[in-house]
Amino acid sequence: MSDTPDFRELVGEDLTPEEELELARVDSLLRSVPAPVTEVPGSLTRAVERIGTATPIWTRRRVLVAVGLAATLAAIFFGTGRWLDRGFDARATVQMRAGKSTPDASGKIELGKRDEATGNWKMRLVVDGLPHLAGNEYYVLWLAKNGEYAGACGTFNVNGRTTVDLTASYDLSEYDAWVITRVGQDSPWLLSAET
Amino acid sequence: MATAESDSRLIERVGRGDREAFEQLYKRFARPVLAMALRQLGDNGRAEDAAQETFAAVWRSAKSYKAERGTASAWLYAVARHAIIDRARQKREPAAEAADEADVRAGPAERAEESWLTWRVHSALELLPERERVVIELAYWSGLSQTEIASYLDVPLGTVKTRTRTGLARLAGLLEEVRA
């Protein structure tokens, strides 16, 4: 094994001066940059494949209604500074609706205080009625905009009624909906809610 | 870069909601984006998240791309940088501080220059035919000699030499105005 490639070994001896100059320039460029990644993880490709694949369900009117409803809920919960169970300082709760493929599922997202230093929202997700996933499969909580996946908030699996603590650093006002999907499938939205 | 127009066309098609163009763009830029994220975040999981956010941002904002304002590669680079910096801020770590050794020694301007140069070279590599890209990557970053590459790929030595030289010549065209 050699430490660096030998330029002569790479290009041979029969180059014109112009060709040699050009290949030497490229040789120098290649030596000046770090190695590219060897391969792209399948998990990234699968996640990117899902971008923009959801069917838009939010009309402008529905978005406005949802934003109004969310603002009202937020005002109620922020105003009372409500504390919920298990010591989680929930400032607002968003109930999720079940999709057609999981009619018996339910879920809610409790939004905690936003950490001023990091900008992270603390969140507690409580889901029930979703099947436990075997192997490498898992669920993903997304923020969606215009019916499309726009920001991943974390992955999880379930076993019966399950509580998961997550964080997100997004500006929630820029998104329309919370969505739970199953990764690795073109599955419909399992649970969703307006932000 | 000779393929800038082609990249531009892809982004414009993505802006019109063309999934096929988006997939092509992903295939072309996934490795450069991931490599940049890995260098700057230093963590596989966070780099993957940043890469995912980059392509989500590309899908969302491709319609805002204007070819007359700059090359497609520069636009994609800016989108990726933004996503990576956002991801770094979530952990209160400046994006550049998790960079590799060379980056740590350099000042901000040099780091930016190195990052851009790396992006250009990695992006150009993605445009080579697979057979040429593989031999060049093995030659420059695996430490294998041409003979060892021939053995590794189970092809004649002459084939390795031809592919290497053809690939380098093709890169010279793709990176016509780039200097180390």
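Figure 1. At 11% relative accessibility, R87(B) counts as buried (under 20% relative accessible area; exposed is over 50%, partly exposed in between; 1.4 Å probe, protein chains only). The model is predicted: local features need pLDDT of at least 70 and side-chain atom pairs pLDDT 80 or more, while totals for chains, interfaces and linings use all residues. Residues are numbered from 1 along each chain as its sequence is written, chains are lettered from A and ligands numbered from 1 in written order, and side-chain values use heavy atoms, without hydrogens and water.

R87(B) forms a salt bridge with E53(B), with 2.0 Å between the closest N and O atoms. A salt bridge here is a side-chain nitrogen of Lys or Arg within 4 Å of a carboxyl oxygen of Asp or Glu. E53(B) sits in helix α3 of chain B and R87(B) in helix α4 of chain B, so this pair ties together parts 34 residues apart in sequence. E53(B) is buried, at 14% relative accessible area.

D49(B) also meets R87(B) in a salt bridge, at 3.6 Å from N to O. D49(B) belongs to helix α3 (residues 44-61) of chain B and R87(B) to helix α4 (residues 72-90) of chain B, so the parts tied together are 38 residues apart in sequence. Is D49(B) buried or partly exposed? D49(B) is partly exposed, with a relative accessible area of 31%. Helices (H or I, at least four residues) and strands (E, at least two) are DSSP runs, numbered from the N terminus.

**Figure 2. The R170(B)–E132(B) salt bridge.** The closest N and O atoms of R170(B) and E132(B) are 2.8 Å apart. The pair links distant parts of the chain: R170(B) lies in helix α9 (residues 157-174) of chain B and E132(B) in helix α7 (residues 130-141) of chain B, 38 residues apart. R170(B) counts as partly exposed, at 34% relative accessibility. E132(B) counts as buried, at 3%. A network of salt bridges with shared partners joins R31(B), E126(B), E130(B), R133(B) and E137(B). Over all chains, the salt bridges number 16.

**Figure 3. Surroundings of R28(B).** R28(B) lies in helix α2 (residues 19-41) of chain B. R28(B) is buried, with a relative accessible area of 15%. Which residues does R28(B) contact, leaving aside neighbours within four places in sequence? They are S6(B), D7(B), L10(B), E126(B) and L127(B). Contact means heavy atoms within 4.5 Å.

**Figure 4. Packing of α3(A) on α3(B).** Two packed helices are described by the angle between their axes and the distance between the axes. Helix α3 (residues 42-49) of chain A packs with α3(B) at an angle of about 25°, and the axes are 10 Å apart. That makes α3(A) roughly parallel to α3(B) (under 35 degrees; over 145 is roughly antiparallel, 65 to 115 roughly perpendicular, the rest oblique). Axes are lines fitted to C-alpha atoms, for helices over the stretch in contact; angles run from 0 to 180 degrees between N-to-C directions. From α3(A), S43(A), L44(A), A47(A) and V48(A) meet E48(B), A51(B), Q52(B) and F55(B) of α3(B).

**Figure 5. Chain A.** Chain A has four helices and eight strands. Along the sequence, the pattern is α-α-α-α-β-β-β-β-β-β-β-β. Of the 195 residues of chain A, 44% count as buried.
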